[in-house]
Amino acid sequence: MTRLAPQPYELIDRSIAVTFLFDGKPVTAFGGDTIGSALYASGRRVFSRSFKYHRPRGLMCCSGHCANCQMTVDGEPSIRVCVTPVREGAVVKGQNFVGSLDRDLMQVTDKLGGPFTPPGFYYKTFIRPRRLWPLYEKVLRGAAGLGRLDPRGTPRPRIDVEHRHADVLVVGGGEAGLRTATDAASAGRHVILVEEGPEVGGALLADPDGHLRAAELKRRALAAGVELLAPAIAIGLFEYGFVPVACENRLVRIRAEAVVVATGIVEQPLVFPGNDLVGVMLPDGVRRLVNRFSIKPAERAFVLTADDRGLAAAADLERAGVELVGLLDLREGQPPNIEARGHKGRVEAVSVNGKLTRTDLVVMSGSPQPNYKLLAQAGARVEYDETRGIFIPTDLPASVTAVGGAAGEVGEPAVTTPVLGYTGEKSFICFCEDQTAKDLKYAIAEGFDSIELSKRYTTVTMGPCQGRLCHVNSIRVYARATGLDENAIGTTTARPPHTPITLGLLAGHPEEPVKRTSLHNAHEALGARMMWTGAWKRPHSYGADAGAEARQVHRAVGLIDVSTLGKLLVTGPEAGAFLDRVYPNRFSDLKAGRVRYGVLTGDAGRIMDDGTVARLDDETFYVTTTSTGADAVYQWFTWWNAVWQLDARFTQLTGAIAAINAAGPKARELMERVSADDFSNEGLRYLDARQVRVAGVPALALRIGFVGELGYELHFPSPHGDHVWETLLEQGRELDVAPFGLEPQRILRLEKGHVIVGQDTDSESNLHEAAMPWLVKNEKEFEWVGKWATQAAADRGLRWMLVGFESPSGAIPVEGGQVVIDGVSSGRVTSVRRSEELGKVIGLAIVPHALAVDGGRFDVQVNGKAVPMRVHLGPFFDPAGERLKA
Amino acid sequence: MWNIADMSLLVTCPNCGPREVEELRCAGESTKRPAAAAPSQRELNEYVYFRDNVWGVQREWWFCRVCEEWFLAERHTYTNEVVRTWHPGPADSPGGRDGSEAASQQEGAQVL
């Protein structure tokens, strides 16, 4: 066993046993263990395979900084197990190997590939023959990687987004962060502290009794009112104190008046051949194993250090009964030639100037660097302090401060350039991406002599550790190779996120918002096939035959749910004057109780929406819009009136009002069965609007020609939706009443040549070219919105025209199909349907203006062949509108 | 300078106070609608199609989805600093916004 006898300050609870599965075999841990510490205690040393060479890698930092311990936990890949608490029954697997973690067949790339795999080798080696690249790519992608997602999918956790506000946000729960948070909270400020590990304490947690001090600091912080989030990873730091935080299955978007960055330090590796072997560790990693988890990490240890941290690790190791076979303090004398040698990827010996010492653990301490990444990403400058050999963040953004290690309080390292064997083979700079000092030199020799270019070429700093362990060493290698100093080389741009996070966290809920009318359940009960229209779900049709559904409307009476129409109330003494300004036509002269069609244009003259306007009384207009335009029109109206400040008010009624259109020759008879009001042709004329009672419910009845038959559009409070719908169906049974969906409605409206804004118009459509010049009333006193551009379109001469057409051959072109004239694309089909009623294929198309004459001919591409079409001006069905007015 | 991420903008609605940007809609630079009864084609084009697109403080329209009112803001286009916000007076104009932007919000089928 590698566990020590119980230690006075250990963090594990030996009375609790937790069992999880590693590669199918049970591993028993104590309470307080991490998956990483439990695996180490069970004797495991190889934790992962490296990205490119598949070299065995073991625990190095034990702090969640490096990528050496990434495993797949419960189906989620690339989890750093050194900071992941054990969970009963968790299923843990190694990743990125062929075979097993201990015997990875892909390791051949390390044995053979070394000389052949310099940076960018795949661009150089695999370019010919070109057509084989897809194959090469497949092989390369399989060979390098970071675990796999289970294709069958693991249960996806629900992810929520939460918004929080705070006076002060402290990022980092080490000693400096806890103290700052406590002080601010004691001063009465609302403080949130986020810590990326499962518990606060930071560097204290490596000390023998550190967690007791951490617990005391935590107790004080909580007593002062600090709100603690852990584990919680600050993804980035943006302007105005905005910090999105990954908090397990929540994305907490915190907005703080002041942000304090207390992210501490990152211990740096030394650069020497074999510095990536299993058993080469950073001092705090070793100390955490000994002091927190009571593990004897090895039998023999060799310590290489540039600062006191290595000495502290040496003391802890000796106390744990590890034989210290060597201690090399790099602050004393000339840096020697150091090399770690291994067998099967595990360290066996250290060679110092040729003198070999056998050991199974090497502690390397290259002295720490401030963990300034969050500050750099937020816009701070990073400057190299030559005397101390560290990069220090300066010029912090407004309202951002740094404390503790992140601010540069890292002690005083005596060796400012702890790069050693930078010429040697397998002296790793970037452990995540398998890049050595030699690779960097190679890149520089190839001309990638700026650090930003080199980063992209070699991918140093682009792996999961995001440069924590390689950024500084890569700059130092650059400095040596180019003869420039560190400040001249500069640092690479830091970008969020600093720690890998799941895409699901950014994607949030997979749900799509849907709007349903009050009749939704009734439609489903009738077997309607529902379809999306914007955010709404609406019935496409109720049976398999939409054509028959349309004919039913011509023959008897049909009902369609038009509750999705936008509905606005415009009221006030100047409501009519307002509408005169936003519509091309006039509404101030509309008589109370009458309805008029209107189209909205912008000042560019383009058509944006259409609908009906009913005047209810002198100061009240009821405006309907397209189903998808309700919000846009509301904003459009209020926008203009924000400036004009006419005495008019706007009320959005879309959700409050349900609407049903009853249309067909028997529509009047149906109305008379459900209402005592006068629905006669004299009592309610075409384009009349009247308050009525239908099925006992107060309703506004608009007599309009929605689908080309005698029709009544009933608008009434939404809660009565089901009642009115059911009553109409029931009372109309003898009249053969039937519901109809959007698809039959498209056919019916097309038979009348009705334009659907957005379907038959596009961003170039103006009133003239959409064949609606009759709407333009330029004699109005105000320069209505769109007037000038509409006039300009008429003045320049019309180029296009929206026309109806028939397909004499019966071939049905696709909507969007090209209009072809003399072999040249000249317009497009916007709508097309087969009308059973007319026995014809009919449609609308945008064609050159010259063709807009009855009987004009043009071709449309149908299945690659030019098929002739014939222009038809005016409605296809009931051109005189007799049925509407009957 | 800050690295810019639009998502992090905070804007003060004159009614509702500081709000996250997704609670508001930015409708772009404010412009001046020609006063003339019949502007020249050039004046019309300037108003409808051209924007200053400044690096610096610009005046723009915002719609608050909370109180459903429009207001004007002066915002630095690079730093996202919002200098001031206020409700418009008769001197301001929604300008050459045509329906294209409103229409572009109407994704999906366009069925009446």
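B:Asn80 sits in the loop between strand S5 (69–76) and strand S6 (82–86) of chain B, where strands are DSSP runs (E) of at least two residues and helices are runs (H or I) of at least four, numbered from the N terminus. This residue has a positive phi of about 65° although it is not a glycine. At 2% relative accessibility, B:Asn80 counts as buried (under 20% relative accessible area, with exposed over 50% and partly exposed in between; 1.4 Å probe, protein chains only). A:Leu687, also not a glycine, has a positive phi of about 70° and counts as partly exposed at 25% relative accessibility.

The model is predicted, with local features needing pLDDT of at least 70 and side-chain atom pairs counting only at pLDDT 80 or more. Residues are numbered from 1 along each chain, and chains are lettered from A in the order in which they are written.

Turning to chain A, an open sheet of five strands has the order S32-S33-S34-S31-S35, with antiparallel pairing (two strands pair if DSSP finds at least two bridges between them). Strand S32 (595–601) and strand S35 (649–652) stand at the edges with a single partner strand each, so one side of each lacks a neighbour in the sheet. Seven bridges join S32(A) to strand S33 (residues 607–617) of chain A, and A:Tyr597 stands opposite A:Thr612 in S33(A).

Two cis peptide bonds can be visited as well. One joins A:Ala230 and A:Pro231, with omega of about -5°, and A:Pro231 lies in the loop between strand S10 (227–229) and strand S11 (233–234) of chain A. Another joins A:Pro496 and A:Pro497, with omega of about -5°.

How values were computed: Side-chain values use heavy atoms; hydrogens and water are left out.
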